[in-house]
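Hi everyone, thanks for making time this morning. Please have a look at the chain on the screen, and then I'll walk you through it.

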Amino acid sequence: MEPINKLKIGLFIPCYIDQFYPQAGIATLSLLNKLGLNIDYPVKQTCCGQPLANGGSENEARAVYLNFVKNFSGFDYIVSPSGSCVYHVREHYCILEQTDEVKKVRQNTFELVEFIVDVLKIEDLKISFPHKVGIHQSCHGLRGLNLGVSSELVKARYSKVNRLLEKAEGIEIITLEREDECCGFGGTFSIFEPDISVKMGKERILDHKRNGAEYITATDSSCLMHMEGIARRNKQNIQFKHIAEILNYSRL
């Protein structure tokens, strides 16, 4: 691999982070800059197309997909603070003609944590976060991007998120009773099945609270948004932070 400061990195910030959680996008950029990377933010980027596809309109999403490829095909890597969006680019852009540009974008789009661990080969970011933290393993990241091993598999357990967080000064990562259960958001699932969605979200929050979490973190703001909304409505005293925000807490 070329020296990291020679790599051209395109930063992709998903719609809901741009609109609702800009602090997660800013933390991602700040962290990548601290790592000495050459970061560019293509100003004509839009959505990855996931909402259209989830709503059953994937053919209509083709133009969005092509715009993504046009904006990001010139980069060595594309990095995003969203496991679900990264998974969508890798797996759903298969409906496009597989040109060299499309294949390059699909192969080189990475979620932030997996980029740090798998591409940069960094496992200690020299961070400090003296709090009790519960890690919510989002479905797309866990089972789609293999950020960890899910409980239904008979394999040695690992978590790339844990590997980065466990070295943080002062942190205590709590043990959950159901460490990889879905939060219930699921995009349109939360709209069409709101009762089930909310019930699942409540169970996730209670698991964290029972085990003493002060913060819940995840690689997807959509999961955090769902659980935070439930927690606020029920006046539960627990905080939510995207993983990028914690990883950006430098102790240097």
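**Around Ala231**

Let me start with Ala231: leaving out residues up to four places away in sequence, Ala231 touches Ile205, Gln236, Ile238 and Phe240, where contact means heavy atoms within 4.5 Å. Before I go on, a word on what you're looking at: this is a predicted model, in which local features need pLDDT of at least 70 and side-chain atom pairs count only at pLDDT 80 or more, while totals for chains, interfaces and linings use all residues. Residues are numbered from 1 along each chain as its sequence is written, and side-chain values use heavy atoms, with hydrogens and water left out.

Back to Ala231, which sits in helix α12 (residues 221-233). Helices here are DSSP runs of H or I with at least four residues, strands are runs of E with at least two, and both are numbered from the N terminus. Is Ala231 buried or exposed? Ala231 is buried, because its relative accessible area is 0%. For the cut-offs, buried means under 20% relative accessible area, exposed means over 50%, and partly exposed is in between, with a 1.4 Å probe and protein chains only.

**The whole chain**

Stepping back, the chain has 13 helices and eight strands. Its C-alpha trace spans about 50 × 45 × 40 Å along the principal axes. The radius of gyration is 18 Å, which agrees with the value near 18 Å for a compact globule of 252 residues; that radius is taken over C-alpha atoms, and the globule rule is 2.2 Å times the number of residues to the power 0.38. Of the 252 residues, 50% count as buried. Among contacts with a separation of 6 or more, 75% come from residues 24 or more positions apart.

Which residues have the most contacts inside the largest nonpolar core? They are Phe68, Phe115, Leu165 and Leu247, in a core of 54 residues. Helix α7 (residues 112-119) gives this core its largest share, six residues. A nonpolar core, by the way, is a set of buried Ala, Val, Leu, Ile, Met, Phe, Trp, Tyr and Cys residues joined through side-chain atoms within 4.5 Å. Beyond four places in sequence, Phe115 touches Ile9, Leu32, Leu37, Tyr77, Val79, Phe110 and Leu120. Our friend Ala231 belongs to a second, separate core of 15 residues, which also includes Phe185, Cys223 and Met227.

Helix α5 (residues 83-92) is mostly covered too, with seven of its 10 residues buried. Among them are His88 and Arg90.

I'd like to finish with some lysines. Lys241 lies in strand β8 (residues 239-242), and Lys241 counts as buried because its relative accessible area is 16%. Not counting residues up to four places away, its contacts include Phe129, Tyr215, Leu224 and Tyr249.

Lys126 is in the loop between α7 and β5 (132-135). Its phi is near 55 degrees, a positive value in a residue other than glycine, and Lys126 is partly exposed at 36% relative accessible area. Lys235, in the loop between α12 and β8, has a phi near 55 degrees, again positive in a residue other than glycine. At 76% relative accessibility, Lys235 counts as exposed.
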